[in-house]
Amino acid sequence: MKVTLSWLREFAPDIDGDPVELCETLSALGLAVEEMDVVGEIVDGVVLAKVLDLRPHPDADKIQLVDVDQGDGQPLQVCCGAFNMSVGDLVPFATIGTVMPNGMEIAQRELRGQTSNGMCCSGAEIGLTSDEDGILILNDRVVDGAELGQQLASAIGVEPDILWDLEVNANRPDAMSVAGVARDLAAVLGVEFRFPDYEITTADESVDGLLDIVVDDPTLCGRFVATVLRNVTVGESPVWMQERLIQLGMRPINSIVDISNYVMLELGQPNHTFDLGTVPNGKLTVRRAKDGETLVTLDEVERSLKSNDGVICAESGEIVSLAGVMGGASTEISDSTTDVLVEMAWWDPPSISRTVKRLNLPSEASTRFRRGADYGENIVRAMHRFIQLVAESGVTAVAGLVDVPGKTPDRSPVTVRVAKINGLLGTSLSAAEMVAHIEPIGFECGNVSDETIEVVIPTWRWDTTTETDIAEEVGRMFGYENIERTVPKGEDAGGLSQYQKDRRLVREVLTGVGCDETLPMPFLAPGDLAKAGLPEDGVSLTNPLHAEESILRTSLLPGQLKAIAYNQSHRNPDVRFFEIDHVFLPSGEGDPLPDEREYLAVALAGEEAPAAVAILDLLDRALALPNLQLKTDRVAGLHPTRAAEVVVAGRPRGYVGEVDPAVLEAYGVDGRVAWLELDLGALLDGPHGNRKYRPVSKFPSSDIDLAFVLTDDVAASQVEASLRKGGGDLLVGLELFDVYRGQGVDEGSRSLAYRLRFQAKDRTLTDDEVGQARQSCIDQVAKKTGASLRA
């Protein structure tokens, strides 16, 4: 949003001070100044001149010779490349020796044999306008009493002005106008802010009977104000208006459009004009569009509409305007227009925002509606200003306005707690001081006490609804730079949660046994799950980064196998990887989102299932997992006879074993891969960590070896559990050191050899005690598993 100092002073005449300091004040108010320029400053040496004669250059087609009078009555020849001048025109003339804004010094020059004694200037060349096409014609711009040869600035009554380019955030709809910026600046400077009196004269004809406005959807249109203009002649707007529009970044178009834009920039109220002759019986209806309806907008593009788009329709139901966004081509004002319907309304910001985003139709007007325009008395004020400006060109407005209400935001008072505001800001302001800060910017305060204030939010602050929003306004007007800097103190300095500590412990254990952590992407290609022997029930992404990565993983197995295959292809075969990351399981019934869980996976290339079980045992001891058991099971993606379910405290928490050879072949992995995958989130959220410490015995221990023959369907974990039960408190160590299949062992069976260590806490065990413990272990294994002692 751009504003000039002179325009601000039309609302707050007493705004004064150094422009740089005012710039800092605006930035402190939250209206950051991105750029400050001096405009309307014309260099000395540019004077008012009159064209006396025009003739072709004898040796150049694109240059003409111009004779000008610079005040001494004598013709002075100039070579000029512009052809938009006529004899008698008044033009800016840069005399010899003048240094132009771009640094060029004007000197006498010869062009194709003809002498040029100065330069006729365009508006851009002297920094007055942005128009570079042609010489600036000043016939209608000189002040009374201006003379030829007079310095141009005084001849046309131009004074230097300050132009600020402000960054206005989305939560400041009030600052999207010159008046809004002036209100803020006047309040913080402590000077008076007031709107000028926009006096209007209307015809005897009444608007009643000319217009019939119906608002079918009051949630879309909170207020619709309209009137009729007669005797409209579309032409050029006044030069002063064109200059202001150009300074604020808008291109002059014609008298009606320019006034429309001028009122929007000045008061923040967008508006729209219809050719009344194209609106049968003056009837307009505001409603939501129907899916599939179309409208040809002013840019001659046919737009297909949706049911949440707001539209304005004629009596026949034909859509003539896209509410708050862009008008329709069928009611556009043309050179033949004589009667105009002017509309100013308040549109629901979310509705306008959705339409603008979907159709990609941003504009200055829709930006103001999206952020929340003023739905109060400013609409009528803006209508009066519009009528006042068009009246200067002979246009007559009929008497009265059509004002149709809809649903506007609730203006119930907001209870503001003084202590709460001070707590949010870190201040110690009193209620009276807070009132003094926000009343000048339009907030009405009542029932003021030492503890609370009842605040009514102004109609131009749609963004402000809560106590916190009001605290922000108090802070802005008090000045954030005036708030004493303090360091917040908290009772707790912060730290890791127990879950985070346990997860770090898991990482330490795994890195301690030589595993490297990997972080594959969570996206898989279609078919990756099936290739890993897993169900193809992964969630498909509608907007994947790459088509070949469109499935969310349900297991960490595919990613780890890809990592192993990549390393093997680079001659790094026996890797030991682990990963802690999220998987995305199919959602439950009625749940729109996938079941996201944190898993742990360990992949040991070139190793067998016992290696993965050994890792699990380490984690068991580190986390003190209660009643860890392995239950033989067929697991998708794992070896059919070398896999087991991990059960902790009676609940399944994952799987351990070897990857299925067919899966390894599908991923191009050589050798075996031991695999462990746990639901880490469930594991660490469940019971664990209750460690039982026992003193270290100072008495000697005794080791014995036992080998059992058992069928393949009996898990080694069952044998281990039986041995621990049979050994009781005397069994302090248990290790599986050999697995044998072959001669002497029946087909479908295997031999498991264990080393057992017995030790008492309070004595040296006798041979009889060791023998009894040994026999107890053998009996327990035979009873629970049917295994026999191998001879």
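## Strand pairing, domains and enclosed spaces

Gly446 stands opposite Glu454 in strand E26. This pair belongs to the antiparallel pairing of strand E25 (residues 444-446) with E26, which extends over 3 bridges. Two strands are taken to pair if DSSP finds at least two bridges between them. Helices (H or I, at least four residues) and strands (E, at least two) are DSSP runs, numbered from the N terminus. E25 and E26 form a hairpin with 5 residues between them, and Asn447 in the turn has a positive phi of about 50°. E26 (residues 452-456) also pairs with strand E24 (residues 414-417), in the antiparallel sense and over 4 bridges. Within that pairing, Val414 has Val455 of E26 as its bridge partner.

The model is predicted, with local features requiring pLDDT of at least 70 and side-chain atom pairs counting only at pLDDT 80 or more, while totals for chains, interfaces and linings use all residues. Residues are numbered from 1 along each chain as its sequence is written, and side-chain values use heavy atoms, with hydrogens and water left out.

### Overall form

The secondary structure of the chain comes to 20 helices and 39 strands. The radius of gyration of the chain is 43 Å, whereas a compact globule of 791 residues would have one near 28 Å. This radius is taken over C-alpha atoms, and the globule rule is 2.2 Å times the number of residues to the power 0.38. Along the principal axes, the C-alpha atoms of the chain fill a box of roughly 135 × 75 × 60 Å. Of the 791 residues, 47% count as buried; buried means under 20% relative accessible area, exposed over 50%, and partly exposed in between (1.4 Å probe, protein chains only).

The chain is divided into six parts: domain 1 (2-40 + 161-189), domain 2 (46-155), domain 3 (202-405), domain 4 (414-478), domain 5 (498-685) and domain 6 (702-789). These bounds come from an automatic or database domain assignment. The centres of domain 1 and domain 2, taken over C-alpha atoms, are separated by 35 Å.

Ser206 is located in strand E11 (residues 202-206). With a relative accessible area of 31%, Ser206 is partly exposed.

Strand E6 (residues 90-94) is joined to E9 by 2 antiparallel bridges, and Phe93 stands opposite Cys120 in E9.

Another open sheet of 5 strands has the order E12-E15-E18-E19-E20, and its pairing is mixed. Its edges are strand E12 (212-215) and E20, each with a single partner strand, so one side of each is left without a neighbour in the sheet. E12 pairs in the parallel sense with strand E15 (residues 283-288) over 4 bridges, and Val215 stands opposite Val286 in E15.

### Cavity and pocket

On a 1 Å grid over the protein atoms alone, a cavity is a set of points where a 1.4 Å probe fits but cannot get out, and a pocket is an open set with protein on both sides within 12 Å along at least five of seven lines; lining residues have an atom within 4 Å of a point. A search of the whole structure finds 1 cavity of 30 Å³ or more.

| Space | Volume | Residues nearest the centre |
|---|---|---|
| Largest cavity | about 170 Å³ | Asp174, Ser177, Leu267, Asp374 and Trp460 |
| Second largest pocket | about 840 Å³ | Val257, Asn261, Asn271, His272 and Leu298 |

The largest cavity is lined by 16 residues, and helix H4 (residues 178-189) gives the most, with 3 residues. Domain 1 and domain 3 both give residues to this lining, so the cavity lies between them.

The lining of the second largest pocket has 32 residues, and its largest share, 5 residues, comes from H6.

Note on methods:
Grid points are joined across faces, edges and corners, and a volume is the space filled by probe spheres set on the points.
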